[in-house]
Amino acid sequence: ATWTFKRVKGLHTNMNNAAILQVLLRRRIFVPLLLVVVVALVAVAGQPNSSCMDGSVSVSSEDDGKNDVNDVYASRMDDQNHEDKEYIKVVQEALTFASRLKDNPHQFVITDTDDEGNNNIPVIDLSLNDEAVAQDIFDAATKWGFFQITNHGLDQHLIDEMFDVNRRFMALDDTTKTMYKFDRKAICGYEKATQVHPSSGIPDMKENFLMAARKDAMNDFWPTEVMPDFEVKSKQFIEKCHEVGIRVLHLLELKLGMVQGQITEYNTLWDDESKCVLRLLHYPATDHVIGSEDLDQNQWRAAPHTDFALLTLLFQKFGEEGLQCARRHHSKDVTESHPLGWQPVPAVDGAITVNIGDMLQRWSSDKLISNLHRVVMPMGEDATKSRYSMAFFLQPDDSTVIESEKYETVTALQMIQGRVRAYWPTADKE
């Protein structure tokens, strides 16, 4: 139990401490009274859920549910140092909302009804003229925060090659993969079941490899010894993803009334401050069929969260489903009778799934939506199948200033480090 003691009140509101002591000594009752006080305090100590009537002793216990022993996320927050906490403050609002989803099954209901019209995630053809495409993207970004783009210019052969790289790397033994162990500060490397979201409190059931497109960042992380083609193919894929992401971002700049380049020019690759990241993801199969009765309501392949980038480009494979986004934006009232609802985001032939991140929502003063999404645990025979995906995060350079009409001005570094330090442990805690 955690104990908090307050100053004991005086015997009389008009008497100071010295006067009280003199009275006690004159009446020769100081020692007996002291013994009574000591006995009383010992009795209180033996009752961890009690408190004195005058409020002089306040006691709280870990049994009150505030610190669930199984909540890894809460434990990590308790262990954060001052620097970590200062970074986390910048992104605390999004983290606090996500924490409401933990242990609340009503938040995880997929409803069949939709109070806002069309259920489908928009599919947008980028080969149309810029004005029409910009409007379609803006409409999707303000309603869903999710959309899928076709005719985007990224060759399917390159996508297939990168999926092959992903599969071959994840097929390596754990000893080999951990030679390239994740570095939280650099945001590079391999990690397995260490990322924890506040919406679940426990690690996601996934493994992944992150590549930071920053000068010299990957020098010690390219697995060249075991996969000679890894670096070349990854860099080529990163550059093509960057081109697509910049075009989408440029079209959103137009609709937001921003000066051309106001956001896009600060998303560099391979410079000292570059922060764009490619992430290879693998959600392993289970060794048995899973039924609904086997599932922990807090266990996810990827627990509900928002991304902290400007934009995410996500690549999925047919037959490896599970991604869902919230049907109602989380800024609206969420109650037991009116839950979020969740919309499947399936793989679409030739399409890249795009979602808005926290940085762009902030930069747009909440005009664009950084929507909650998750990857659900598979059930039935699907549980015996792996899911592979790849995510490219378009993120501005460290010193980029993010100004907003609604929020205080921050840098990209502050927002990125706030989330990274909240989600992953320090090296000595792994």
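Biologist: Is the crossing of α7 and α9 left-handed or right-handed?

Modeller: Happy to start there, and please keep in mind that this is a predicted model. Helix α7 covers residues 156-170 and helix α9 covers residues 230-255, and the two pack with their axes 10 Å apart. Their crossing is left-handed.

Biologist: Are α7 and α9 roughly perpendicular or oblique to each other?

Modeller: The angle between α7 and α9 is about 135°. Roughly perpendicular would need 65 to 115 degrees, and roughly antiparallel would need over 145. The two helices, α7 and α9, are therefore oblique.

Biologist: Now for α6 and α9: are they oblique or roughly perpendicular to each other?

Modeller: Helix α6 takes in residues 130-143, and its axis comes within 9 Å of the axis of α9. The crossing angle is roughly 85°, and the range that counts here is 65 to 115 degrees. So α6 and α9 are roughly perpendicular.

Biologist: Which residues in α9 meet α6?

Modeller: On the α6 side, the contact uses Asp130, Val133, Ala134, Gln135, Ile137, Phe138 and Ala141. Taken by class, the contact of α6 with α9 has eight nonpolar, one polar and three charged residues. The partners in α9 are Arg247, Val248, Leu251, Leu252 and Lys255.

Biologist: Is asparagine 208 buried or exposed?

Modeller: Asparagine 208 is found in strand β6, residues 207-212. Leaving aside residues up to four places away in sequence, asparagine 208 touches Met170, Gly189, Tyr190, Glu191, Arg279, Leu280 and Leu281. The relative accessible area of asparagine 208 is 0%, so this residue is buried.

Biologist: What distance separates the C-alpha atoms of asparagine 208 and methionine 170?

Modeller: Met170 is one of the residues that asparagine 208 touches. Along the chain, asparagine 208 and methionine 170 are 38 residues apart. Their C-alpha atoms are separated by 8.1 Å.

Biologist: How many disulfides does the count come to?

Modeller: A disulfide is a covalent bond between the sulfur atoms of two cysteines. For the count, a pair of cysteine sulfur atoms has to lie within 2.5 Å. Cysteine 188 is buried with a relative accessible area of 0%, and cysteine 276 is also buried at 0%. The count of disulfides is zero.

Biologist: What is the phi of aspartate 366?

Modeller: Aspartate 366 is found in the loop between α10 (358-363) and β13 (373-375). With a relative accessible area of 27%, aspartate 366 is partly exposed. Its phi is positive in a residue other than glycine, near 75°.

Biologist: And where is asparagine 151 found?

Modeller: Asparagine 151 is not a glycine, yet it has a positive phi of about 50°. Strand β4 covers 146-150. Asparagine 151 is found in the loop between β4 and α7.

Biologist: Last one: what share of the 430 residues in the chain is buried?

Modeller: The chain has 11 helices and 16 strands. Among contacts between residues at least 6 apart in sequence, 79% join residues at least 24 apart. Counting residues under 20% relative accessible area as buried, the buried share is 50%.

Note on methods: Residues are numbered from 1 along each chain as its sequence is written. This is a predicted model: local features need pLDDT of at least 70, side-chain atom pairs count only at pLDDT 80 or more; totals for chains, interfaces and linings use all residues. Side-chain values use heavy atoms; hydrogens and water are left out. Axes are lines fitted to C-alpha atoms, for helices over the stretch in contact, and angles run from 0 to 180 degrees between N-to-C directions. Helices (H or I, at least four residues) and strands (E, at least two) are DSSP runs, numbered from the N terminus. Angles under 35 degrees count as roughly parallel, over 145 as roughly antiparallel, 65 to 115 as roughly perpendicular and the rest as oblique. A crossing is left-handed if the near helix is turned anticlockwise from the far one by less than a right angle, and right-handed if clockwise. Buried means under 20% relative accessible area, exposed over 50%, partly exposed in between (1.4 Å probe, protein chains only). Contact means heavy atoms within 4.5 Å. Ala, Val, Leu, Ile, Met, Phe, Trp, Tyr, Cys and Pro count as nonpolar, Asp, Glu, Lys and Arg as charged, and the others, Gly among them, as polar.
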